[in-house]
Every structure is written in structure tokens, then in C-alpha cells.
Amino acid sequence: MNYLVTGGSGFIGSNFLNKYVPLNPTINFINIDALTYAGTNKNIEIQHFKNYQFIKADITNENEIKKIMYEFKPTKIIHFAAESHVDQSISTPKKFIQTNVLGTFNLLESAKEMWQEDYSEKRFHHISTDEVYGSLEKSGYFTESTPYHPRSPYSASKASSDHIVQAYYHTFGLPISISNCSNNYGKNQHDEKMIPTVIRNAVNRKKIPIYGDGKNVRDWLFVEDHCDAIWEIISNPITIGKTYNIGGKNDISNWELVTHILTILAKKTGINIDNLVDLVTFVEDRKGHDFRYAIDPTKVETELGFLPKYNFEEGLEITIDYYLKKYNVK
Ligand SMILES: NC(=O)c1ccc[n+]([C@@H]2O[C@H](COP(=O)([O-])OP(=O)(O)OC[C@H]3O[C@@H](n4cnc5c(N)ncnc54)[C@H](O)[C@@H]3O)[C@@H](O)[C@H]2O)c1
């Protein structure tokens, strides 16, 4: 069996490959990644495995994607590749439309053409975000039937791709599945993202920026749990044509998250907590900043029995240890 993973050199895709390539020696994994600024093969710990192969390719290149598909003939496609940083989608939205919308379309078209004789055992799994649902007030949760209401170019591009993926199921019967996940944390996340930035700036005694008043709420899931949920979904035929919300039931404000990280950092490094908290600087809010995201994961729990293995404390400890090592803090 051959599994094609897109964007496997980025944050979540690399965690997925690092875990599932060694666990599945009879499955050949091919990682196609354009290695944008966000992806690096330094994230891949399983390069030497016989059942792993890397091809540098851009999903916006229709012909190249088709060629790779026909050569490799994957039975499953696990689609992580995306432009993923909301701030960048505000400054440079075009590449979000190109990669997230057109790139996904190219993959779907190739899959439809390649699999047209026989859809059995095939799967196109699309990794998406809870941001497609828009912003919640102080209460309530996103379920799979919450109407889409994306508000940033990033979430709008992901929402568009979700709709196109669903259309390929309803119109052509393509065996798809979609997961909409909350914020991930863990190793291999790009330095530009919030948790790595907080840790790096704290240990370097630099200002720690928080948007607005820090009250915006996000749900956080340890990246390995997200990867496990994806594996469950792609391995179970009942999930075809369906969407699953995945979250960690850890919805906390950005301010709470930052102070939590700083408290753990103070214990680990011996730096005075007050000195760390003094570094926090509230900066002008992100344009169109969604107030709150929170996930109701009942469907993935009841249909697939999926529950996260890591609680927030454990996941955060592992994550902070990883970045302290990465940023050379003894
Ligand atoms: N990080 C999160 O908290 C989170 C939460 C929910 C959903 N998601 C979704 O999960 C997926 C992976 O997110 P991530 O955080 O690992 O992102 P990332 O930015 O860390 O990695 C994206 C990867 O895709 C590659 N890529 C980008 N454009 C490409 C192109 N045109 N062709 C081929 N490869 C390309 C990059 O080189 C990179 O390796 C995305 O679809 C994202 O929308 C992320």
C-alpha cells in the first residue's frame, strides 16, 4: 500500500510521518512538500526508513502532481500542505488562495482521475481547521453542523478547500474525509507561531507580544493527539464522506496560556517569574481577530472512540522541553 502525504515537512505532517512511518513498515509513504519557508526536512526523523520517500513538489503545479500520482499510485492521500499562518494571509493572501484552494483542487482532480476505475480502499483525507466556523461569543462550541463563517483570508481559503473536497464526494463519489482541528502545539512548529515565540522571547529576555487585551480564547490540542485522530479517521471506512471536529477541551485565553508557559519556564530555568511576566507586551490587535474558538469533539469520540492521550500539562511540558533544547537553554 502507498500513502501520499502532502506538506509532511511542516509542523503537523512531520509529527504524523515521524510516528506512523516506523509503525507501518508494510506501507510506503511518500512526502511531497514544496519546502516553503514553513517546511524543512530537518523535521523528519525517519528519512532513513525504507518505507519513506521525499519528493520536493508544489501542489499548485498540476502537471507535476499528476505525474507523481501516476508514478506512485497512492491508495490514500493525507493532505496537510497549506499556507497556515493567519498573519501572513493578511499581508499576502494570494498564495493562500493558490496553495490552499487551487493546490487542493489539483490533488482532488488527480485523485479522481487516477482512482476512477475503482474507489474501493481509497481515501482522500483533508486536514482543516476549526477557524472555518468563524468566531464564538463567550459560550457555545463548534459542532460539525455549525455553519461556516470564515473571517480571515487563511480561514476563508481553508473553508473553500473544505467545500471543494465535500463537492468531490457528493458529485463524484470520491472517498473523502475531513478533520477540522483546533490549535496544535508540540515539537517542529515554526518559530513564527505563538508558543515557540513566547518561549524563545522569554528565555532571550525579549518582549512577548500578545494581541489586543489577551482575552481571545483558543482550544489547544497536543500535535501527536491530532495525528492519532487523523490515523483513526483514515483507517476506518465509516468515516468516508464525513467531517470530524477534533479538539483538546482546553479552551483558554491567550493571556492564561502565556502565563501558564511562563510559570513552567520559571520553574525549569530558575528565571524569576515576575521578570518573565514583565516582558509581556500587549500589541495592536490582529485585523479581524476572532474572539473565541472551542470545539465539541463528541462525534469523533462516539463514532471512533477517539480521546486525546495527553492532558494539557503533559503536552506543554514536552513542548517546552523541546523548545528549550532547540533554543539552547541549559
Ligand atoms: N497548526 C495548527 O494549529 C493547525 C490546526 C488545525 C489545522 N491545521 C491545518 O493542518 C495542516 C498543516 O498545518 P501545519 O501547522 O503543519 O502547517 P505548516 O505551515 O507548519 O506546514 C505546511 C507545510 O506545507 C508545505 N507547503 C506549503 N505550500 C505548499 C505547496 N504549494 N506545495 C507543497 N507543499 C506546500 C510547507 O512547505 C510546509 O512543510 C494545514 O492544512 C493547516 O491548515 C493546522
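A: Start with Arg286 and Asp87. Their side chains form a salt bridge, with the closest N and O atoms 2.7 Å apart. The partners come from distant parts of the chain, 199 residues apart: Arg286 sits in the loop between strand E12 (280-283) and helix H10 (298-304), and Asp87 in helix H3 (residues 86-91). A salt bridge here is a side-chain nitrogen of Lys or Arg within 4 Å of a carboxyl oxygen of Asp or Glu. Helices (H or I, at least four residues) and strands (E, at least two) are DSSP runs, numbered from the N terminus.

A word on the ground rules. The model is predicted, so local features need pLDDT of at least 70 and side-chain atom pairs count only at pLDDT 80 or more, while totals for chains, interfaces and linings use all residues. Residues are numbered from 1 along each chain as its sequence is written, and side-chain values use heavy atoms, leaving out hydrogens and water.

Back to the pair. Arg286 counts as buried, at 19% relative accessibility. Asp87 is partly exposed, at 24%. The cut-offs are under 20% relative accessible area for buried, over 50% for exposed, and partly exposed in between (1.4 Å probe, protein chains only). In general, side chains of opposite charge can pair when their charged atoms come close. The whole structure holds 15 salt bridges.

Now take Lys309 and Asp228. Their side chains meet in a salt bridge of 2.9 Å, N to O. This pair also links distant parts, 81 residues apart: Lys309 is in the loop between H10 and helix H11 (312-326), and Asp228 is in helix H7 (residues 223-235). The two ends contrast. Lys309 is exposed at 59% relative accessibility, whereas Asp228 is buried at 5%.

Next comes Arg292 with Asp251. The closest N and O atoms of this salt bridge are 3.7 Å apart. Arg292 lies in the loop between E12 and H10 and Asp251 lies in strand E11 (residues 251-253), so the pair ties together parts that are 41 residues apart in sequence. Arg292 is buried, with a relative accessible area of 5%. Asp251 is partly exposed, at 25%. Shared partners also build a network: salt bridges join Lys19, Glu224, Asp228 and Lys309.

Move on to the ligand. It is surrounded by 28 residues, and the closest are Ile12, Asp33, Ser84, Tyr154 and Lys158. A residue counts as near if one of its heavy atoms lies within 4 Å. Helix H1 (11-23), strand E5 (123-129), helix H5 (153-172) and strand E7 (183-185) each supply at least two residues of this shell. E5 gives the most, with three residues.

A side-chain N or O atom of Asp58 is 2.8 Å from a ligand nitrogen. A polar backbone atom of Phe80 is 3.0 Å from a ligand oxygen. A polar side-chain atom of Lys158 is 2.6 Å from an oxygen of the ligand. Taken alone, the ligand exposes 840 Å², and the protein buries 96% of that. These areas come from the Shrake-Rupley method with a 1.4 Å probe; for residues, only the protein chains shown count as cover.

Asn180 belongs to strand E6 (residues 176-181). Asn180 is buried, with a relative accessible area of 0%. Its side chain makes a polar contact of 3.5 Å with that of Ser128.

Two loop residues deserve a look. Most residues other than glycine have a negative phi. Asn188 has a positive phi, near 75°. Asn188 sits in the loop between E7 and H6 and is buried at 8% relative accessibility. Lys249 also has a positive phi, about 55°. Lys249 sits in the loop between strand E10 (242-246) and E11. Lys249 is exposed, at 54%.

Finish with helix H4 (residues 94-115). Its 22 residues should span 32 Å at 1.5 Å a residue, and its end C-alpha atoms are 30 Å apart, which agrees. The expected span is 1.5 Å times one less than the number of residues. H4 bends by about 25° at Leu102. That bend is the angle between axes fitted to the seven residues ending there and the seven starting there.

How values were computed
A polar contact is a pair of N or O atoms within 3.5 Å; within protein, one must be able to donate a hydrogen and the other to accept it, and residues adjacent in sequence count only if both atoms are side-chain atoms.
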